[in-house]
Amino acid sequence: MALFDWEPKYSVYIDEFDKHHQKLLEQLRNLHQSMLNGQGKQVIGDILDELKKYTQYHFNAEEEKMDELNYPNKEEHKAKHKELISQLDEIIDGYKSGSHQITSDTYQFLNNWLTKHIMGEDKKYIPFFKDKL
Ligand SMILES: [Fe+2]
């Protein structure tokens, strides 16, 4: 499996959220490919901004469902989302200010950043959302 490929084991059995996760991986793949193609700072900056925007959109969608159905672990899950956003912010700010490069370590980090959250935290809501969504 290549980096940023969606795998069936990532499924949370909610179509909407699986699609969001696939789209996030697609954006990460696009970031990686654009860097390999030697795209400039403006283009890469825009891709990073889009990634942040879509991440926020996806987290909001999950959190709205959690609020609506009163998911018992919602506060814990929201805190994890906050942490992920601030990690993403750090990467984006570092890149834009020139203090940090995006390297193969960064891609590995971003791959884990998303997939570990899916496997560790998102998987926990499956039994709760099942039959409700
Ligand atoms: Fe989540």
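Which residues make up the largest nonpolar core?

Analyst: First, two ground rules. This is a predicted model, so local features need pLDDT of at least 70, side-chain atom pairs count only at pLDDT 80 or more, and totals for chains, interfaces and linings use all residues. Residues are numbered from 1 along each chain as its sequence is written.

Now the core. The largest nonpolar core has 8 residues in all: Phe4, Val12, Phe17, Leu24, Leu25, Leu110, Leu114 and Ile118. A nonpolar core is a set of buried Ala, Val, Leu, Ile, Met, Phe, Trp, Tyr and Cys residues joined through C-beta atoms within 7 Å. A residue is buried if 20 or more other C-beta atoms lie within 10 Å of its own, exposed if 12 or fewer, and partly exposed in between; the C-beta atoms are placed from the backbone.

Two elements give two or more residues to this core: α1 (15-36) and α4 (104-129). Helices are DSSP runs of H or I with at least four residues, strands are runs of E with at least two, and both are numbered from the N terminus.

Phe4 is a core member. Setting aside residues up to four places away in sequence, Phe4 touches Leu25, Leu28, Arg29, His32 and Asn111. Two residues are in contact if their C-beta atoms, placed from the backbone, lie within 7 Å.

Next, the two helices themselves. The axes of α1 and α4 are 11 Å apart, and the helices pack at an angle of about 175°. Axes are lines fitted to C-alpha atoms, for helices over the stretch in contact, and angles run from 0 to 180 degrees between N-to-C directions. The angle therefore makes α1 roughly antiparallel to α4. The cut-offs are these: under 35 degrees is roughly parallel, over 145 roughly antiparallel, 65 to 115 roughly perpendicular, and the rest oblique.

Who makes the contact? From α1 come His21, Leu24, Leu25, Leu28 and His32. From α4 come Tyr107, Leu110, Leu114 and Ile118. By class, this contact has 7 nonpolar, 2 polar and no charged residues. Ala, Val, Leu, Ile, Met, Phe, Trp, Tyr, Cys and Pro count as nonpolar; Asp, Glu, Lys and Arg count as charged; the others, Gly among them, count as polar.

Arg29, one of the residues that Phe4 touches, sits in helix α1. Arg29 is partly exposed, because 17 other C-beta atoms lie within 10 Å. The C-alpha atoms of Arg29 and Glu90 are separated by 19 Å, and the two residues are 61 apart along the chain.

Before α1 there is Tyr13, in the segment that leads up to the helix. Its phi is positive, near 60°, in a residue other than glycine. Tyr13 has 13 other C-beta atoms within 10 Å, so Tyr13 is partly exposed.

Now compare the other pair of helices. Helix α2 (residues 41-69) and helix α3 (residues 74-97) pack at an angle of about 175°, with axes 11 Å apart. So α2 is roughly antiparallel to α3. Their contact divides into 7 nonpolar, 5 polar and 6 charged residues. On the α2 side, the residues include Leu48, Lys52, Phe59 and Met66. On the α3 side, they include Ile85, Leu88, Ile92 and Tyr95.

Lys52 belongs to helix α2. It counts as partly exposed because it has 16 C-beta neighbours inside 10 Å. Beyond four places in sequence, Lys52 is in contact with Leu88 and Ile92. Lys52 and Leu88 are 36 residues apart in sequence, and 7.2 Å apart in space, C-alpha to C-alpha.

Asn70 follows α2, with a positive phi near 55°. Asn70 is in the loop between α2 and α3. It counts as exposed because it has 8 C-beta neighbours inside 10 Å.

Finally, the loop between α3 and α4 holds His100. His100 is partly exposed, because 14 other C-beta atoms lie within 10 Å. Apart from neighbours within four places in sequence, His100 is in contact with Gly94 and Tyr95.
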